[in-house]
Amino acid sequence: MAFDKAKEYLVERGYGDRVMEFDVSSATVELAAVAVGTEPEKIAKSLTFMVEGEPVMIICAGDAKIANSKYKGFFHTKAKMLTPEEVSTLIGHEIGGVCPFGINDGVKVYLDESLKRFDTIYPACGSGNSAVRLNNDELEKLSGSLAWLDVCKYEGHE
């Protein structure tokens, strides 16, 4: 189970007490915001792409969308999202619970600047009914992020 793998990953690093499991779905930004009790933009969503034959995960704020020109400027290719089957196979989590914790080896993780607006953010924890409360420094450390980048657009930022 992806939830167990993600939770174990966080427990081993001393963050197990931050994991939340819900009786309701948190599989979308809107549902997660209701389950957590926060604003949708504070939900850290994990978007997955294929870049030069390798899986890439970009974690961004819940209200952010990929800005194609910025994405292409950084990765030198057009944004091509993984299919749900590819996400499961290449990342190790199912759509709705994708997060950077307990993922398959070889996934390159990046954090988008859109997250830096918030003191506390809530990524999923491997299932469509879970989340974990973190700040940006903790997310950076726990995700194994390669870099912060600016590839999203959101209100007030194009």
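**Aromatic pairs and a buried aspartate**

In the predicted model, a cluster of rings is formed by Phe-49, Tyr-71, Phe-74, Phe-75 and Tyr-110, which are linked through ring pairs. Over the whole structure, the search returns 6 aromatic pairs. One of these joins Phe-49 and Tyr-71, with 5.0 Å between the ring centres and 50 degrees between the planes, a tilted arrangement. Phe-49 belongs to strand β2 (residues 43–51) and Tyr-71 to helix α3 (residues 68–75), so this pair ties together parts separated by 22 residues in sequence. Both Phe-49 and Tyr-71 are buried.

The pair of Phe-74 and Tyr-110 is classed as edge-to-face, because the planes of the two rings stand at 80 degrees, with the centres 5.6 Å apart; the cut-off for this class is an angle over 60 degrees. Here helix α3, which holds Phe-74, is tied to strand β5 (residues 108–112), which holds Tyr-110, and the parts so joined are 36 residues apart in sequence. The accessibility of each partner was also computed. Phe-74 has a relative accessibility of 36% and therefore counts as partly exposed, whereas Tyr-110, at 11%, counts as buried. The cut-off for the buried class is under 20%.

Charged groups are also placed over aromatic rings. The charged end of Arg-13 sits over the ring of Tyr-9, at 3.5 Å from the ring centre. In the case of Lys-116, the charged end sits over the ring of Trp-148, and the distance to the ring centre is 4.6 Å.

Strand β5 also contains Asp-112. Asp-112 is buried but has no salt bridge. The nearest side chain of opposite charge is that of Lys-70, at 7.0 Å, while a salt bridge requires a separation within 4 Å. The side chain of Ser-114 makes a polar contact with that of Asp-112 at 2.8 Å.

With residues up to four places away in sequence left out, the residues touched by Asp-112 are Ile-58, Ile-59, Cys-60, Trp-148, Leu-149, Asp-150, Val-151 and Cys-152. Among them is Trp-148, the residue whose ring lies under the charged end of Lys-116.

Definitions and conventions
Residues are numbered from 1 along each chain as its sequence is written. This is a predicted model: local features need pLDDT of at least 70, side-chain atom pairs count only at pLDDT 80 or more; totals for chains, interfaces and linings use all residues. Side-chain values use heavy atoms; hydrogens and water are left out. Rings of Phe, Tyr and Trp (its six-membered ring) pair if their centres lie within 6.5 Å; planes under 30 degrees apart count as stacked, over 60 as edge-to-face and the rest as tilted. Helices (H or I, at least four residues) and strands (E, at least two) are DSSP runs, numbered from the N terminus. Buried means under 20% relative accessible area, exposed over 50%, partly exposed in between (1.4 Å probe, protein chains only). A charge sits over a ring if NZ of Lys or CZ of Arg is within 6 Å of the ring centre and within 35 degrees of the ring normal. Lys and Arg count as positive and Asp and Glu as negative; His and the chain ends are not counted. A polar contact is a pair of N or O atoms within 3.5 Å; within protein, one must be able to donate a hydrogen and the other to accept it, and residues adjacent in sequence count only if both atoms are side-chain atoms. Contact means heavy atoms within 4.5 Å.
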